[in-house]
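Biologist: I am new to this structure. Please show it to me, and then let me ask about it.

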Amino acid sequence: MEEQVILVDLDDVPRGQMGKMEAHEKGMLHRAFSVFIFNSKCELLLQQRALHKYHSMGLWTNTCCSHQRIGESNIRAAKRRLMEEMGIDCELSFLFKFTYKAIFENGLTEHEIDHVFFGMSDKLPVINLDEVVSFKYVDLETLTKDIEVNPNAYTPWLRISLDQVIAHASTAKTKNGHTA
């Protein structure tokens, strides 16, 4: 059975469900999440999406992202997918959410309310090759500069959320002496 996404209104109130591909074909607003894992050097763990993904294949993005399952909490979904894609289990904290819409060359549309989680781990990922081609750690300043020069190497949701991620990472670093 096809994976279902949770359709939501602009206030993030669930309004039903739909098959993932149909939702992306129709550009329906649905719930999603993104996870950003930092190491003790304050470097962000990025993944390169698998080359067979239905959109954004081969692009660099945050540590992991996906969709919540029906009846699954946001945090449980984020922890599940972090383990499935990157083989990492760590504490996660919800920081913010944002809404975006991105139309891809293949006609699919991501229209999501994206719940953003931060975590801290020095564990090396054990990537799921069905989901991820490669990974790297990068400091936020270097990432920002590279996105300015090579925006098409990165997913739209990473580019859109990066300013808020940087603001939250800076606040966390100031409070705790380290990120997340």
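Modeller: Asp 12 lies in the loop between strand 1 (4–8) and strand 2 (14–19). Helices (H or I, at least four residues) and strands (E, at least two) are DSSP runs, numbered from the N terminus. This is a predicted model: local features need pLDDT of at least 70, side-chain atom pairs count only at pLDDT 80 or more, and totals for chains, interfaces and linings use all residues. Residues are numbered from 1 along each chain as its sequence is written, and side-chain values use heavy atoms, with hydrogens and water left out.

Biologist: Is Asp 12 buried or exposed?

Modeller: Buried means under 20% relative accessible area, exposed over 50%, partly exposed in between (1.4 Å probe, protein chains only). Asp 12 has 9% relative accessibility, so it counts as buried.

Biologist: What is the phi of Cys 42?

Modeller: Most residues other than glycine have a negative phi. Cys 42 sits in the loop between strand 3 and strand 4. Its phi is positive, near 65°.

Biologist: Which residues does Leu 143 contact, leaving aside neighbours within four places in sequence?

Modeller: Contact means heavy atoms within 4.5 Å. With those neighbours left aside, Leu 143 contacts Leu 44, Leu 46, Val 138, Tyr 154 and Leu 162.
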